[in-house]
Amino acid sequence: MTLDGFLKLALQSVTNPREVAALLLSIRPNREALLTGFALVVVLNALLFGLSILLDPTGAPGFIGGPVSFLVMQGLALVATILALTWMGRLFGGRARVEEIALLMIWMQGLRVLVQAATLLVVPVSLALAGLVTMGATALGVWIAVNFLDEAHELRSLLRALAVLVLGMLAMAFAVSLILTLAGVTPEGMLDNV
């Protein structure tokens, strides 16, 4: 895929997310391609996070530490999100497989890379504008995710897809907090670093 093709598909993800989801799902990449895409988006997100720390060292929470810690946390969170959205969708009668949800979430992380890059360009100009870009991107991300989930799980209801997203995110947050607790990261330890 060329950069121009990527940007066009990224724009189409906003204007017609169901069509993009159907297109992505029709590709049916193999497991190796999914793992490569997963690694690529996690590494790119971590690199942009590292760059943002260089621009504003006070902006990063102390418990994250740096890009490597962020990379590990990002990878864990993405895996937990994929599993939670797959299982929660099935509770609502959905049919998507883990690989299908993984493909769509990897694409969304690719879109996140674009937003992070745009935000880094805007930050030196205006922090308020960067905040608006982030808020707008978050709202669009929810819109895209709801449509992607509805298409993948064949729920035929944006409201049910929204419920899958909200409950899936709660399940993911619980899972990640449990993993961090088992790894020895506690709220007290995080507060000590702040």
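**Exercise 1. Place S13 in the fold and work out which residues surround it.**

Step 1: S13 sits in helix α1, residues 3-15. Helices here are DSSP runs of H or I with at least four residues, strands are runs of E with at least two, and numbering starts at the N terminus. This is a predicted model, where local features need pLDDT of at least 70, side-chain atom pairs count only at pLDDT 80 or more, and totals for chains, interfaces and linings use all residues. Residues are numbered from 1 along each chain as its sequence is written, and side-chain values use heavy atoms, with hydrogens and water left out.

Step 2: S13 counts as buried because its relative accessible area is 0%. The classes are buried (under 20% relative accessible area), exposed (over 50%) and partly exposed (in between), with a 1.4 Å probe and protein chains only.

Step 3: Skip the residues up to four places away in sequence, and S13 touches V20, W107, L111, I144 and F148. A contact means heavy atoms within 4.5 Å.

**Exercise 2. Which residues of α1 are buried, and what does their side of the helix pack against?**

Step 1: Start with the helix length. The 13 residues of α1 should span 18 Å at 1.5 Å a residue, and the end C-alpha atoms are 19 Å apart, so the two agree. The expected span is 1.5 Å times one less than the number of residues.

Step 2: F6, L9, A10 and S13 are the buried residues of α1. They cover an arc of only 105 degrees around the axis, so they lie on the same side of α1. That arc is taken from the directions from the helix axis to the C-beta atoms.

Step 3: Those buried residues pack against α2 (17-27), α5 (98-122) and α6 (127-153). On the face turned away from the buried side you'll find the exposed residues K8, L11 and T15.

**Exercise 3. Sum up the whole chain.**

Step 1: Count the elements: eight helices and zero strands.

Step 2: Of the chain's 194 residues, 36% count as buried.

Step 3: Take the contacts between residues at least 6 apart in sequence, and 70% of them join residues at least 24 apart.

Step 4: Accessible areas come from the Shrake-Rupley method with a 1.4 Å probe; for residues, only the protein chains shown count as cover.

**Exercise 4. Is Q116 buried or exposed, and what does it touch?**

Step 1: Find Q116 in helix α5. Its relative accessibility is 18%, so Q116 counts as buried.

Step 2: Leave aside neighbours within four places in sequence, and Q116 is in contact with N45, L48 and F49.

Step 3: Look at N45 again: Q116 and N45 are 71 residues apart in sequence, yet 7.8 Å apart in space, C-alpha to C-alpha.

**Exercise 5. How many salt bridges does the structure hold, and which residues share partners in a network?**

Step 1: There are eight salt bridges. Each is a side-chain nitrogen of Lys or Arg within 4 Å of a carboxyl oxygen of Asp or Glu.

Step 2: One of them joins the side chains of R18 and D150 at 2.5 Å, N to O. This pair links distant parts of the chain, with R18 in helix α2 and D150 in helix α6, 132 residues apart. D150 counts as buried because its relative accessibility is 3%, whereas R18, at 30%, is partly exposed.

Step 3: Now turn to R97. Its closest N-O distance is 3.4 Å in the salt bridge with E99 and 3.9 Å in the one with E100. Salt bridges with shared partners join R28, R31, R97, E99 and E100 into one network.

Step 4: R28 is also worth a look for its backbone: its phi is near 50 degrees, a positive value in a residue other than glycine. R28 lies in the loop between α2 and α3 (31-55) and counts as exposed at 59% relative accessibility.

**Exercise 6. Which helix gives the most to the nonpolar surface patch?**

Step 1: The patch consists of V142, L159, L162, V166, L167 and L170, with about 520 Å² of accessible area together. Patch residues have over 30% relative accessible area and no salt bridge; like charges are joined within 9 Å, nonpolar side chains (Val, Leu, Ile, Met, Phe, Trp, Tyr) within 5 Å.

Step 2: Helix α7 (residues 158-182) gives the most, with five residues.

Step 3: V166 lies in α7 and counts as partly exposed at 43% relative accessibility.
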